[in-house]
Amino acid sequence: MNFRRPSPTQEISFAGIKVTLKRDDLIHPDFSGNKARKLWHFLSHDQPGISRLVSQGSAQSNAMYSLSVLAKMRGWSFDYYVDHVASFLRENPHGNYAAALRNGMRIVKGGLPNRFDAETLFIPEGGACQEAATGIRMLAEELLAHFGETEVDIFLPSGTGTTAFFLQQYLPYRVVTTPCVGSPAYLRRQFEALSTADTAMPEIFESRKRYHFGKLYPDFFKIWVELKEETGVTFDLLYDPKGWITLLEHRVRFAPRICYIHQGGIMGNESMLRRYRRQQKLMDTERI
Ligand SMILES: *Cc1c(COP(=O)(O)O)cnc(C)c1O
């Protein structure tokens, strides 16, 4: 397996602020950025006796796709539990969903069974487990090697909060994040669930406006396009717009040096762009 490590860093300037980008999106084309970090334990350690991988979540998630690659590489079957698959997606598979199906993922509708046999490896939704620490620690070491004694704030948008939580465990720098999936209170509960001792927690900044995960927002699309035009970098459409909006709104609270972790997710953009285009088309026809 060719993982690009350490992942590159890049200096960018956006909306008048200078930021060091940590390009975790370039680690591996098949592992969506931080999922390569979170799944590193399972990629680098043999799992004797395992023949089946089980997880759950949404039918378009980046984690789902990365898990399908892990299962394929290891020769395991992969059962993925979902609440539902949108009919449009079922009839027109694309993005993460189509790619995971091609890797042999089996979709199971409904709740998880209460117990699994000894041949089954269960990884919780979004890879939110203690094993994620192994790969995130490597990211922390790369950041330490790059920044050393310099005062720097590390910023990244959160889903389950696993990446932000473990980064803060291994770094002397301040880790700042914003919740993309739930409220700040939800994210704090996620941190507490991962914590085994009284430890430092990442700081949570919230945007003025509340956004719902997976919904389309004109300000999200706008900042995504502006980022691409001004920096030349393609960001993800689910997490990064909320991340950048929050970073810009709170810019005065940051240290002079900021490092933004680009956590990948580019494959998921395909389905988001389709939805934005469909919405745009609807809006155009309404205008006529
Ligand atoms: C999964 C993912 C996240 C969220 O990571 P957590 O560790 O769950 O907080 C953020 N950005 C991208 C692009 C992701 O794929």
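Reader: Which element gives the most to the shell around the ligand?

Author: That is α1, with three residues, where helices (H or I, at least four residues) and strands (E, at least two) are DSSP runs numbered from the N terminus. This is a predicted model, in which local features need pLDDT of at least 70, side-chain atom pairs count only at pLDDT 80 or more, and totals for chains, interfaces and linings use all residues. Residues are numbered from 1 along each chain as its sequence is written, and side-chain values use heavy atoms, with hydrogens and water left out.

Reader: OK, and how many residues surround the ligand?

Author: There are 17, and the closest are K35, N62, G159, T160 and T163, a residue being near if one of its heavy atoms lies within 4 Å.

Reader: What does K35 do there, in terms of distance to an oxygen atom of the ligand?

Author: An N or O atom in the K35 side chain is 2.7 Å from a ligand oxygen, and a polar side-chain atom of K38 lies 2.8 Å from an oxygen atom of the ligand; a polar contact is a pair of N or O atoms within 3.5 Å.

Reader: Changing topic, at what angle do α9 and α10 cross?

Author: The axes, which are lines fitted to C-alpha atoms over the stretch in contact, with angles from 0 to 180 degrees between N-to-C directions, cross at roughly 85° and come within 9 Å. The two helices α9 and α10 are therefore roughly perpendicular to each other, a term for angles of 65 to 115 degrees.

Reader: Which residues of α9 make that contact?

Author: On α9 they are D219, F220, I223 and L227, with contact meaning heavy atoms within 4.5 Å.

Technical notes:
Polar contact = N/O pair within 3.5 Å; in protein donor to acceptor, adjacent residues only side chain to side chain. Parallel < 35°, antiparallel > 145°, perpendicular 65-115°, else oblique.
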